[in-house]
Amino acid sequence: MDKIKKFFECLIPETVCNLRCGYCYVIQRSQNTMKVPELDYSPEIIGKALTQERLGGVCYFSICGAGETFVPDYLIEIVHELLKNGHYVNITTNGTLTKKMRRLETIPQEWRSRLQIAFSFHYLELIRLNLMETFFSNIEFVKSLGCSYLVQLNLYDEYVPVLDEIKSICMEKVGAPPQIVATRKETSLTSKIELMTSHTVEEYKSFAQSFKSPLFDFTMKNFNVRRREFCYAGSWTYTLNLKTGILKRCYASCIHQNIFENIEKPIMDMAVGKCCGSLFCLNSSHFMSLGVIPSIKTPSYVSLRNRKDGQWYTPQMEEFLSSKLIESNAEYSTLKKIVANIISAGDKVAYHSYRKLVTLKRKKK
Ligand code: SF4
């Protein structure tokens, strides 16, 4: 049975999307430039840079575009390389680009049980563009390939009057209600982060109640809770830009390495420790559920997402995403922890100074 060695939160920095959701982070940042950037390194080099030998074992890669992830043609080639290396992969999508999604058929049968597709259910846009049937037939297609999938809904004020409709269509089409994602306002990572709602937090939570979504409950539990425990981001988990090869320890860190440039070089191993630069664990449902902070007991990654009634996961994917990073990684010695904390304290100061500069520059414009 495969156990997770490392986790990579991967970004493809393309901002093209066929939908216009009111809560979209890209639209909030006015970055919807309709550009698909070329990769700085070919999918073959990316594959060679991310072998099990270099990474120490079987890893999990979650890929998301800044726009719709399936837009760039090279997505499938990258996924192909990762699966060829024996890794597990998630692709987050709006589920509407049928032609692009059909290319999943080129993935060999025996690799497909290591692939998961996270369908974001942008209900009102699907109605506006008459894409509801397309969305659900693409889920059927992914299921027929033998991949795992999940359906998730961004909780948003405009959905409140139609939540019952949303639930019943999902029950009918995918056998269970969607998992709920808390939607936040796009703000700086270093100032207060708020939910995108005109309601109180309690009201917001009550809208999600009938969906019984462990994903939502876990995210809300960790929302705006500053982490002070020893975190192994930078050693067990990373963020990776698939265009540039820039690997960062986590979102709020200046320390980075281009891991596609020299594929002989070892991957950096310097945990953030007790100096997390973020206001809270921004993607706790990924990082924390995989066990990046081993001193905190968390539900497994898969238990936050799977709907057993809908049979959304293959047994292989379910087993893999039930494993925790501590099962294949050793914790640091006391001395190594002290060194990591000292380095990270400096990194945190550098990151916050850098963000202040960026904000000042933006204000001047
Ligand atoms: S606690 Fe901080 S450093 Fe650790 S994964 Fe979460 S955001 Fe990243």
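Trainee: In which sense do β5 and strand β6 pair, and over how many bridges?
Mentor: This is a predicted model. In it, β5 and β6 (residues 179-182) pair in the parallel sense, over four bridges.

Trainee: Which helix makes a β-α-β unit with β5 and β6?
Mentor: That is helix α8 (residues 163-174), and the unit is right-handed.

Trainee: And what pairs with β5 over five bridges?
Mentor: Strand β4 (residues 115-120) does, also in the parallel sense. Ile117 stands opposite Tyr149 of β5 there.

Trainee: Is β5 mostly covered or uncovered?
Mentor: Mostly covered: seven of the eight residues in β5 (residues 148-155) are buried.

Trainee: Turning to β1, which strands do bridges join it to?
Mentor: Six bridges join β1 to β2 (residues 60-65), and five join β1 to β7 (residues 237-241). Both pairings are parallel. Phe8 has Phe61 as its bridge partner in β2, while Phe7 has Thr237 in β7. Five of the six residues of β1 (residues 7-12) are buried.

Trainee: Which residues have the most contacts inside the largest nonpolar core?
Mentor: Val89, Cys231 and Val292, in a core of 88 residues. Beyond its neighbours within four places in sequence, Val89 is in contact with several residues, including Phe61, Ile63 and Leu115.

Trainee: Last topic: how many residues does helix α14 have, and which are buried?
Mentor: Helix α14 (residues 334-364) has 31 residues. Its buried residues are Ala340, Ser344, Asp347 and Tyr351.

Definitions and conventions:
Residues numbered from 1 in each chain as written. Predicted model: local features only at pLDDT ≥ 70, side-chain atom pairs only at ≥ 80, totals over all residues. Core = buried A, V, L, I, M, F, W, Y, C linked by C-beta atoms within 7 Å. Buried ≥ 20, exposed ≤ 12 C-beta atoms within 10 Å, placed from the backbone. Contact = placed C-beta atoms within 7 Å. Helix = DSSP H or I, 4+ residues; strand = E, 2+ residues; numbered from the N terminus. Pairing = 2+ DSSP bridges. Expected span 1.5 Å × (residues − 1). Right-handed = clockwise from strand over helix to strand, strands pointing away.
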